[in-house]
Amino acid sequence: MALMKKKNRPTGEIPTSSMADIAFLLLVFFLVTTVFDEERGLSIVLPEQGSEVQVSPKNVLFLMVQPNGVVNIQRGENPQIQQATANQVAGIWRQEFANNPNLIAAVKTSPNAPYRFMIDVLDQLHTAGADKISLQVLE
Amino acid sequence: MAMKGGLKRKSKAASEIPSSSLADMAFLLLIFFMVTTTFRKEQPREVVFPEAEATEKLEQPRKDVLHLYVESDGSIFINDQLVGPDQVSNMIAPLYRDNTSMVVMLRSDRDVPYVTIDQILKELQAAGALRVAFYTNLEQRMLRERR
């Protein structure tokens with residue numbers, strides 16, 4: 001009867017050697033599936049309500065965004081209007097700003113123009129380093 | 001000299017990397033990522049964002065950013081709630097009072113008529129929330145030139 005003794009008795013321990021594998025598997029899963037949704041965009045600070053200041057028209061560069069995306073550019077009081085595409089705005093701004101460091105960009109967008117055309121112009125102004133930007137609706 | 005044979009090293013350093021704490025480390029990392037992950041509260045909206053080259057990352061803690069969605073039909077959503085264009089100010093003002101470092105992230109569809117955006121900006125101005133960002137996707141220069 002002594003020979004009938006159980007030879008391999010199950011051990012009383014939970015196997016922990018694969019624990020690290022399981023944990024790393026979960027870790028890799030979370031690392032891969034996590035999407036960091038970062039906040040990005042073009043930031044602007046609006047003027048306070050009722051704090052409108054009068055600026056001399058000669059310090060203003062009017063950028064009138066038409067519904068078809070064409071930008072009509074008017075330099076201050078000069079009635080002459082130059083037609084341009086949104087892509088040209090950065091170059092024009094740099095040129096004008098070099099002549100007049102007090103220049104303000106007034107982006108006047110037509111009420112019917114899609115939002116993206118205004119963003120295109122704003123993008124160009126940001127690219128060119130303009131910091132004084134006014135957003136208005138074209139009457 | 002005969003003593004040399006008796007000076008055999010007794011405790012040999014184990015040649016294995018201890019792996020018993022590996023699981024602890026892995027779980028620690030796992031728990032860290034699980035805790036720091038925040039899930040978006042808002043429902044996904046079908047909005048196509050405009051693209052801009054000058055897109056920059058906003059250095060603002062997530063809790064200070066309020067998302068304002070404008071869908072292509074002009075409907076405005078704040079915190080998953082449909083808001084009329086003239087109600088934006090009423091909705092934002094108390095939120096702004098609670099957190100004055102708030103930035104309004106305007107997530108608008110690219111084809112929304114500008115008049116809607118202007119109306120929203122005026123409402124934000126009235127609410128005193130002056131820091132606004134227009135959400136854009138980064139535009140690659142290559143794509144722009146091809147256009």
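Author: Let's start with a definition: two strands count as paired if DSSP finds at least two bridges between them. Helices (H or I, at least four residues) and strands (E, at least two) are DSSP runs, numbered from the N terminus. With that in hand, strand β1 (residues 40–45) of chain A pairs with β7(B) in the antiparallel sense, over five bridges. One place to look is A:I44, which stands opposite B:V132 in β7(B).

A word on what you're looking at. This is a predicted model, where local features need pLDDT of at least 70 and side-chain atom pairs count only at pLDDT 80 or more, while totals for chains, interfaces and linings use all residues. Residues are numbered from 1 along each chain as its sequence is written, and chains are lettered from A and ligands numbered from 1 in the order in which they are written. The predictor gives the complex an ipTM of 0.74 and a pTM of 0.73. Chain B has an average pLDDT (the predictor's confidence in each residue, from 0 to 100) of 82, and 82% of the residues score at least 70.

Now the whole interface. In contact (C-beta atoms, placed from the backbone, within 7 Å) are 42 residues of chain B and 37 residues of chain A. On the chain B side, the elements giving two or more residues are α1 (22–36), β2 (56–57), β6 (103–108), α3 (114–127) and β7 (131–135). That side divides into 27 nonpolar, seven polar and eight charged residues. Here Ala, Val, Leu, Ile, Met, Phe, Trp, Tyr, Cys and Pro count as nonpolar, Asp, Glu, Lys and Arg as charged, and the others, Gly among them, as polar.

Helix α1 (residues 19–33) of chain A packs on α1(B) at an angle of about 25°, with the axes 8 Å apart. That angle makes α1(A) roughly parallel to α1(B). The cut-offs are under 35 degrees for roughly parallel, over 145 for roughly antiparallel, 65 to 115 for roughly perpendicular, and oblique for the rest. Axes are lines fitted to C-alpha atoms, for helices over the stretch in contact, and angles run from 0 to 180 degrees between N-to-C directions. α1(A) passes α1(B) in a left-handed crossing, meaning the near helix is turned anticlockwise from the far one by less than a right angle, with clockwise being right-handed. By class, this contact has 16 nonpolar, no polar and no charged residues.

Behind that, look within each chain. In chain B, helix α2 (residues 88–98) packs against α3(B) at about 40°, axes 8 Å apart, which makes the two oblique. Their crossing is right-handed. B:V88, B:S89, B:I92, B:A93 and B:Y96 in α2(B) meet B:I120, B:E123, B:L124, B:A126 and B:A127 in α3(B), and the contact divides into eight nonpolar, one polar and one charged.

In chain A, the axes of α2 (residues 89–99) and α3 (residues 115–127) come within 8 Å and cross at roughly 45°, so α2(A) is oblique to α3(A). α2(A) passes α3(A) in a right-handed crossing.

Last, the β6(B) neighbourhood: six bridges join β6(B) to strand β3 (residues 65–70) of chain B, running parallel, and B:V65 has B:V103 as its bridge partner in β6(B).

Technical notes:
Contact = placed C-beta atoms within 7 Å.
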